[in-house]
Amino acid sequence: EAFPKNATTAKSVISKVSEFCIDVLSNEYINNTRDRVYTYEADSLARRSAQVVYYYALKMLYQTLEPLIPFTMHELVETTKDSGYSINLDNSLPAIDDSVFDYSSLNHYKVEINKKAEELVKNKTVNSLSECSVVLNSNSKEIQDRIFSHELKTYFGVGNLDNNSFAEDIVVSKLANHYVKCERCWNYYSSQFHDRVMYGHIPLLCIECGMTLLGEKFTLKYM
């Protein structure tokens, strides 16, 4: 007998999970946290917090997909069982905190930034989004605070991010000449504000990588 039109089928579940993995988990979170996982101190709070999110995301995927593809999920359990963090020991997940900042509210900024950056790439003004400097026009204190902490620069994947609440439009342009690429993480930083006294013996590294190699912890406030 045919399923009702509103029935949740295995195909629709797989489609939704695939959508989540590509659009949210990969393009949004992993893309924005991979630098800290690759380049920060192994036991730093910023790196460990990202790994905890990866773990719970994997656990959620296991709970969702185990009834549909049990053999594949069994392989996943076998892969993780020796780590001490087996994903099938319990069904608990962290409670959802509705007070957490909703990064999806930035999607319209991201679309506009990417659109303008594509024009610069097309005109051969820059080679990629990471070579762009962006000025937003937000009046939101939450957004302004995250711009000031430099964490939205990573979120948008740009070389520099500022804010002008009086601007009529978002401005996307080529980075100024004093921005150079870090040889360790490949992100751009301003050599004008680089602490040459502390990090001068480590050439062409951003402050985050300089602190990491010197054994210091670099703390992120939001992400």
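Which side chains meet in a salt bridge at 3.5 Å, N to O? In this predicted model, where local features need pLDDT of at least 70, side-chain atom pairs count only at pLDDT 80 or more, and totals for chains, interfaces and linings use all residues, the pair is Glu-28 and Lys-110. Residues are numbered from 1 along each chain as its sequence is written, and side-chain values use heavy atoms, with hydrogens and water left out.

A salt bridge is taken as a side-chain nitrogen of Lys or Arg within 4 Å of a carboxyl oxygen of Asp or Glu, and by this rule there are four. Because Glu-28 belongs to helix H1 (residues 10-39) and Lys-110 to helix H4 (residues 107-122), their pair ties together parts that are 82 residues apart in sequence; helices (H or I, at least four residues) and strands (E, at least two) are DSSP runs, numbered from the N terminus. Both Glu-28 and Lys-110 are buried, where buried means under 20% relative accessible area, exposed over 50%, and partly exposed in between (1.4 Å probe, protein chains only).

Helix H4 also holds Lys-116, whereas Asp-169 lies in the loop between strand S2 (160-163) and strand S3 (171-174), so that this pair ties together parts 53 residues apart in sequence. The closest N and O atoms of Lys-116 and Asp-169 are 2.9 Å apart, and Glu-112 is linked with these two residues in a network of salt bridges. Lys-116 is partly exposed at 21% relative accessible area, as is Asp-169 at 42%.

Within helix H5 (residues 141-148), Asp-145 and Lys-141 lie four residues apart, about one turn of the helix, and their side chains form a salt bridge of 2.8 Å, N to O.
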